[in-house]
Amino acid sequence: MDRSKLTPKWVIRSAEIQDLPLILSFIQELASYEKLSDQVTASEEQLRETLFSTGATAHVLIADYGETPAGFAVYFFNYSTFRAQPGLYLEDLYVRPALRGKGIGRALLVEVARLAVQHNCGRLEFAVLDWNEPAIGFYQELGATALDGWTLFRLTDAALAKVAATS
């Protein structure tokens, strides 16, 4: 039996501080794919603080395909009052276009799901742009369902500062 056909050619690992340039590159590539490059303000310094300091607020998994960085998943923990359990939010899942279709995205999502189960999370949530049919199909194939009746809201920059300054 040819074991090379059974053994994945990718490895999923936790990001390390030396991956900062790679993480920023993945963020920029994802933003470009999503036509949101103008919204990227992240820097390596900010990523160092938010991902690798003692007060880290998010975590990153890296997928390597052989020796080639293939993609990443960024996630953080939240909380469900209705379930009285932690939850896990998948902020980003990205695989470089040339390496799609090799099971790497699925492997990243499986690892994130395993982390959610290990941490007794009641749910794993994520958002998908409504035009991103390949991603929607991918998640539906895995059993994910869209949340009808919910609208995502966001306060940023000046609007966030204004609300925070309200007395």
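These legends accompany views of one predicted model.

**Figure 1. Overview of the protein chain.** The secondary structure comes to 5 helices and 5 strands. From the N terminus the elements follow the order β-α-α-β-β-β-α-β-α-α. The C-alpha trace spans about 70 × 35 × 35 Å along its principal axes. Of the 167 residues, 29% count as buried. Among contacts with a separation of 6 or more, 58% join residues 24 or more positions apart. The accessible surface comes to about 11200 Å². Carbon and sulfur atoms hold 55% of that accessible surface.

**Figure 2. Pairing of strands S2, S3 and S4.** The hairpin of S2 and S3 has 2 residues between the strands. In that hairpin Gly66 takes a positive phi near 65°. S3 also pairs with S4: the strands run antiparallel and are joined by 10 bridges. Tyr79 stands opposite Pro86 in S4. The hairpin of S3 and S4 has 4 residues between the strands. Here Ala84 takes a positive phi near 55°.

**Figure 3. The largest nonpolar core.** In soluble globular proteins, nonpolar side chains tend to be buried together. The largest nonpolar core of this model has 19 residues. Leu61, Ala73, Leu88, Leu90, Ile104, Leu108 and Val112 have the most contacts inside it. H3 supplies the largest share, 6 residues.

**Figure 4. Surroundings of Leu61.** Residues up to four places away in sequence are left out of this list of contacts. Leu61 touches Ile12, Arg13, Ser14 and Ala15, among others. Its contacts also include Gly71, Phe72, Ala73 and Tyr75. Leu108, Glu111, Val112 and Leu115 are touched by Leu61 as well.

Figure 5. Ala15 is found in the loop between strand S1 (10-14) and helix H1 (20-33). Is Ala15 buried or exposed? Its relative accessibility is 13%, so Ala15 counts as buried. Leaving aside neighbours within four places in sequence, Ala15 is in contact with Ile23, Phe52, Val60, Leu61 and Ile62. Gln28 is 13 residues from Ala15 in sequence. The C-alpha atoms of Ala15 and Gln28 are 17 Å apart in space.

**Figure 6. The Asp64–Arg13 salt bridge.** A search of the whole structure finds 6 salt bridges. In one of them the side chains of Asp64 and Arg13 meet, at 2.6 Å from N to O. Asp64 lies in strand S2 and Arg13 in strand S1, so this pair ties together parts that are 51 residues apart in sequence. Asp64 is buried, with a relative accessible area of 13%. Arg13 is partly exposed, with a relative accessible area of 25%. Salt bridges link Arg13, Asp19 and Asp64 in a network.

**Figure 7. The Glu29–Arg96 salt bridge.** The closest N and O atoms of Glu29 and Arg96 are 2.8 Å apart, in a salt bridge. This pair links distant parts of the chain, 67 residues apart. Glu29 lies in helix H1, and Arg96 in the loop between S4 and H3. Glu29 is partly exposed, at a relative accessible area of 25%.

Figure 8. Glu111 forms a salt bridge with Arg114, with the closest N and O atoms 3.6 Å apart. Both residues lie in H3. They are 3 residues apart, about one turn of the helix. Glu111 is partly exposed, with a relative accessible area of 22%. Arg114 counts as partly exposed too, at 48% relative accessibility.

**Figure 9. A nonpolar surface patch.** Leu155, Leu160 and Val163 make a nonpolar surface patch of about 260 Å². Leu155 is found in the loop between helix H4 (133-141) and helix H5 (157-164). At 46% relative accessibility, Leu155 counts as partly exposed.

Notes: Residues numbered from 1 in each chain as written. Predicted model: local features only at pLDDT ≥ 70, side-chain atom pairs only at ≥ 80, totals over all residues. Heavy atoms only, no water. Buried < 20%, exposed > 50% of the residue type's maximum accessible area, 1.4 Å probe, protein only. Contact = heavy atoms within 4.5 Å. Patch = residues over 30% accessible without salt bridge, like charges linked within 9 Å, V, L, I, M, F, W, Y side chains within 5 Å. Areas by Shrake-Rupley, 256 points an atom, 1.4 Å probe, with all protein chains shown as cover. Salt bridge = Lys/Arg side-chain N within 4 Å of Asp/Glu carboxyl O. Core = buried A, V, L, I, M, F, W, Y, C linked by side-chain atoms within 4.5 Å. Pairing = 2+ DSSP bridges.
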